[in-house]
Amino acid sequence: MTLLEIELKQLRQAIIEMMALAKKQLEKSKDAFVNMDTEIAQEIIHTEKRMNAMELSIDRHCENIFALFNPVATDLRFVIAMLKINSDLERIADYADGIADYVIDIDKSFSKDILNAVQMNEMFDIAISMVNDIYVAFDKEDTALARKVFKEDAALNEINANASKVISEFVKETHTLFRSSLYLFSTIRKVERVGDHVKNVAEVIIFYLEAEVLKHKKKK
Amino acid sequence: MIMRIESIKNYKMQEQANAETRPYKLATRNVNAYYGNKKVLQDVNMQVRPNTVTALIGPSGCGKSTFLRLFNRMNDYIDTFRKEGEIIINGIDIYRKKIKIEELRKTIGMVFQKPNPFPKSIYENVAYGLRIQGINNKTTLDEIVEKSLIQSALWEEVKDDLKKNALALSGGQQQRLCIARALAVEPSVILMDEPASALDPVSTSKIEDLIYELKQHYTILIVTHNMHQAGRVSDKTGFFYLGELVEFGDTKQIFTNPKNNKTENYISGRFG
C-alpha cells in the first residue's frame, strides 16, 4: 500500500464515521421532535460540537493530501468528493441540531393529528432511510444504491410542497398556536433540506466512482 | 478585468480549436523498434498536431526515450538498433533513403536531461549551429543569438556578459542556454528528454513557462518522469508501458479520468 493509499483509507474511514454520526443525529432528532423529548435534544446539541470538530479535521486532512500527495484521476476525484461530502454531512447534522433547538424552545407537544396530516414521521423516515442508503452506497461503492436517493428526495419535496397548505388549514380549523405552527413548518423545511444534502452526497459518490457529473442534471 | 480574462480564455479556446484541425506535424505508423533481438517498441501509432506539447510518460525502460529519438534519428548511432514502420514529419517518412540526416536535424532540435553546453562563451554556444551551417556574418549572428536567448528567457540574465564561459552559468541557466542553442538553427520541432529533472524548482518553473511560450512557434515532444510537470505543460499525453503506447489523449483527460487501468496506476504512483 502506498503512502497515498494509506491516507485515502484513513480519510474514507473518517467520512464513514461522520456519516454514521450524522445518521444517528437525524434519528435522534426524529425521536426528540415527535416525542418532544428535551433530554434527547440536549444530547444532539452536545454531539453537534463533535460533528463540527470532525468536519474541521476532515477538511484539514483533504488539504494535506492535496498539498503533499498531489492526487490524480480517481484519487483526485475521491479527495474532492470527500471534501464535498464532509460539508454536506455537517449541514445535515446542523439541521438535526436546529430541530433539537426547537424541541427545547417549544413548550408543548404537537398533536398526533397535525403530525399525521403533514406526514412528519414519514418525512423523517424517508430522510433517515436516505442517509442510510448513502452510507451503504459509499461503504460498498454501490452507485445504483446512491441513485436510489434521487427518488426518495422527490418524495420529500412533494410532502414539503403540500405542508404550508396543510398547516394553514389546520390552524384555521383548530385555532392552534401560530408560533408552534411556524416551528412545525420550519422543521418540515429542515428535513426537506436534509434530503437535498443527501442527494448532493449521492451525486458526489457517483462522480468519484464513475467520473460522471450529475449536478444540475435531471436524475434518472 | 473580467472581460479581459474572458477574451484571453476565448482566445485560448480558439487557439486550441485551431490546433485541433491543423494537419499533423508528426506521426508514427505501426512502429516497432528493436535493440538486437529485444523489441522495445511495439506497433506504436501516434499523431501530433503542430504547436502542441506532447508529454511522453511511463516507467523506466518503457520505450519513451527510444520513441522520442526516432524523430531525429539518434537511435541510428546504436549498432543493434533497427525499426519497422514509418516515422513521418510534415507528411514525409524521415527514414527514406533520400533524407539527409544533417538536414533533418536542422528542423529537429533536442534538449537533454543534463545541460550540455560547450566549454565556450555563451555567445559561441548559441552561434555554434549557425557557424556549422556556414553563417559567419556578425550582424546576422548577433541578431539570431539575441533572438534565441530572448526566446529561451535567458537574455535579460546574460546580455551584458555574452563572452562569459557557459560552464560558469547555473544549471537552470545552462539548460536555457541549450534551449537557445537548439532554437538558433530555427527548428520546427523540439524534442526534450527530461529537460528539468536535474534542476531546482525555480529553474524547473522557468523551463516549464518557457515550454508554454515556445509552443506558439514549435511542436514539442517532452519525455518526463514528473507527472505533475506533464500535467502542467502538455496538451496531449502518451503513456508507454513495456514498449506499447497504452493510452494517448488530452492531458486533462489522462490526469482526471484515464481510460486504462495501467495508466491510472502509473500516474497515481501505484507502480513504476
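**Exercise 1.** Are H1(A) and H3(A) roughly parallel or roughly antiparallel to each other?

*Solution.* Keep in mind that this is a predicted model. Start with the angle: helix H1 (residues 3-35) and helix H3 (residues 73-105) of chain A pack at about 20 degrees, and their axes are 9 Å apart. Next, bring in the cut-off: angles under 35 degrees count as roughly parallel. H1(A) and H3(A) are therefore roughly parallel to each other. Their crossing is left-handed. Finally, sort the residues of this contact by class: 20 are nonpolar, three polar and two charged.

**Exercise 2.** Work out which strands stand at the edges of the open sheet in chain B, each with a single partner strand.

*Solution.* Write down the strand order first: E6-E7-E8-E3-E9-E10, six strands with mixed pairing. Now look at the two ends: strand E6 (108-111) and strand E10 (244-250) of chain B each have a single partner strand, so one side of each has no neighbour in the sheet. Then zoom in on E10(B): six bridges join it to strand E9 (residues 236-241) of chain B, and the two run antiparallel. In E10(B), B:Leu245 is the bridge partner of B:Phe240.

**Exercise 3.** Find out how many residues of chain B are in contact with chain A, and which helices supply them.

*Solution.* Count chain B's side: eleven of its residues are in contact with ten residues of chain A. Now trace the helices: H9 (227-233), H10 (251-256) and H11 (261-267) of chain B each supply at least two residues of that side. By class, the side of chain B that touches chain A has four nonpolar, five polar and two charged residues.

Terms used. Residues numbered from 1 in each chain as written. Chains lettered and ligands numbered in written order. Predicted model: local features only at pLDDT ≥ 70, side-chain atom pairs only at ≥ 80, totals over all residues. Contact = placed C-beta atoms within 7 Å. Helix = DSSP H or I, 4+ residues; strand = E, 2+ residues; numbered from the N terminus. Nonpolar A, V, L, I, M, F, W, Y, C, P; charged D, E, K, R; others polar. Pairing = 2+ DSSP bridges. Axes fitted to C-alpha atoms, helices over the stretch in contact; angles between N-to-C directions. Parallel < 35°, antiparallel > 145°, perpendicular 65-115°, else oblique. Left-handed = near helix turned anticlockwise from the far one by under 90°.
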